[in-house]
Amino acid sequence: MGAGGRMTAKEQAAATAGEDVPLRSGGGGGKPLHRSPTDTPSFTLGQIKRAIPPHCFERSVLRSFSYVVHDLFFASIFLYFALAVIPALPPSLALAAWPLYWVLQGCVLTGVWVIAHECGHHAFSDYSLLDDVVGLVLHSALLVPYFSWKYSHRRHHSNTGNMQRDEVFVPKPRAAMRWYSTYLNNPPGRVLTLAVTLTLGWPLYLAFNVSGRAYPRFACHYDPYGPIYSDRERAQIFVSDAGLMAVSYALYRAAAGYGFWWVARVYGVPLLIVNGWLVLITYLQHTHPSLPHYDSSEWDWLRGALATVDRDYGILNKVFHNITDTHVAHHLFSTMPHYHAMEATRVIKPVLGEYYQYDGTPLLRAMWREARECLCVEPDEGSTKKGVFWYRNDI
């Protein structure tokens, strides 16, 4: 691709002719990536599933709980470090120890977040009630409205890549970009955009549907009567809100007893890191120059589910229970437990062929590249597929 992510004339001609266009990997990503094919695949979902060993779809209560215990054990160790070890350190060492605690605790709690997300997909156990109880407790502890997000996230899985119906990280056509976007399309603007996205993106999405699909009226994950939810789902949204109120009251009591800044140091900053990881992971899973988006004239479920990319987060792949490097398999079979997803990913790659996308570009480089090159979407000029949209940065 040309400077700034624009296609050269040769690449534009290749795209118009329906050929794959090589994309820069950003370094460290192995062979160059190519645009994902947009024709209807020659394989079916059933053929993909038959390639996966049957045991990969089996859910074990004991094994699933072992990951909960594992994560909470390390979270408790780090909490003890914050409460008992850091206060005993000399001030200079304590100053360095707090950021270490924040990073470690934030990463481990992101793993807890992933397990709660798995409960929302009924991938934790064979018992829906148990999944919901575990998910409600874990997500509420991280100030996530469990049922609210469970239902909107399921709709994301049902409509991935659909420009009209996908729930989150819905890209805008160039004509719909805000007036100020041009002024942010530069290095300082990208730094500011990423900073706001990683710190405030998650609460803004929950409260105001920022980056979400368009609804005919105000949409909010805390509103049981909002347009996101059906009548049969509204009672459970109240349950989600009650869980958040209970945790908020516990935090209020902790702040009253130990002080606001104590709660901010011990709980607040790790939670900000969890939220930042959540936004970054999901952003990079669905934002990549090789991924198409479709309007309703072209979209179908399988092509939409394949419009995502696996990434490499190094050792954090394990900390995050491989939600990072098995996301393609997760979108195809969301009820599959995370501890089988690596095996499933290995066996579906030959079936998916060029429809499988993996990018090993180092994390910071990938984040910067996507922030620079994936600003809006447009069909290729001269293409007969007017319902297929590709990322661009010329706004």
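This tour moves through a predicted model, stopping at charged pairs, cysteines and a nonpolar patch. Residues are numbered from 1 along each chain as its sequence is written, and side-chain values use heavy atoms, with hydrogens and water left out. Because the model is predicted, local features need pLDDT of at least 70 and side-chain atom pairs count only at pLDDT 80 or more, while totals for chains, interfaces and linings use all residues.

**Charged pairs**

Side chains of opposite charge can pair when their charged atoms come close. A salt bridge here is a side-chain nitrogen of Lys or Arg within 4 Å of a carboxyl oxygen of Asp or Glu, and by this rule the count comes to 17 salt bridges.

Select Arg-59 and Asp-126 to begin, and you will find a salt bridge whose closest N and O atoms are 3.0 Å apart. This pair links distant parts of the chain, 67 residues apart: Arg-59 sits in the loop between helix 2 (45-50) and helix 3, and Asp-126 in the loop between helix 4 (91-120) and helix 5 (128-141). Helices (H or I, at least four residues) are DSSP runs, numbered from the N terminus. For exposure, buried means under 20% relative accessible area, exposed over 50%, and partly exposed in between (1.4 Å probe, protein chains only). Arg-59 counts as partly exposed because its relative accessibility is 21%, and Asp-126 is also partly exposed, at 45%.

Next, select Arg-303 with Asp-300, whose side chains meet in a salt bridge (2.7 Å, N to O). Arg-303 is buried, with a relative accessible area of 7%, whereas Asp-300 is partly exposed at 23%.

**Cysteines**

How many disulfides does the structure hold? With a disulfide taken as a pair of cysteine sulfur atoms within 2.5 Å, the structure holds zero. Cys-56 counts as buried because its relative accessibility is 0%. Cys-374 is likewise in no disulfide, and the nearest cysteine sulfur, that of Cys-376, is 9.7 Å away.

**A nonpolar patch**

Finally, select Phe-73, Phe-74 and Ile-77, which make a nonpolar surface patch of about 280 Å². Patches are made of residues with over 30% relative accessible area and no salt bridge, with like charges joined within 9 Å and nonpolar side chains (Val, Leu, Ile, Met, Phe, Trp, Tyr) within 5 Å. Phe-74 lies in helix 3 (residues 61-85) and counts as partly exposed, at 34% relative accessibility.

Technical notes:
Areas by Shrake-Rupley, 256 points an atom, 1.4 Å probe, with all protein chains shown as cover. Helix = DSSP H or I, 4+ residues; strand = E, 2+ residues; numbered from the N terminus.
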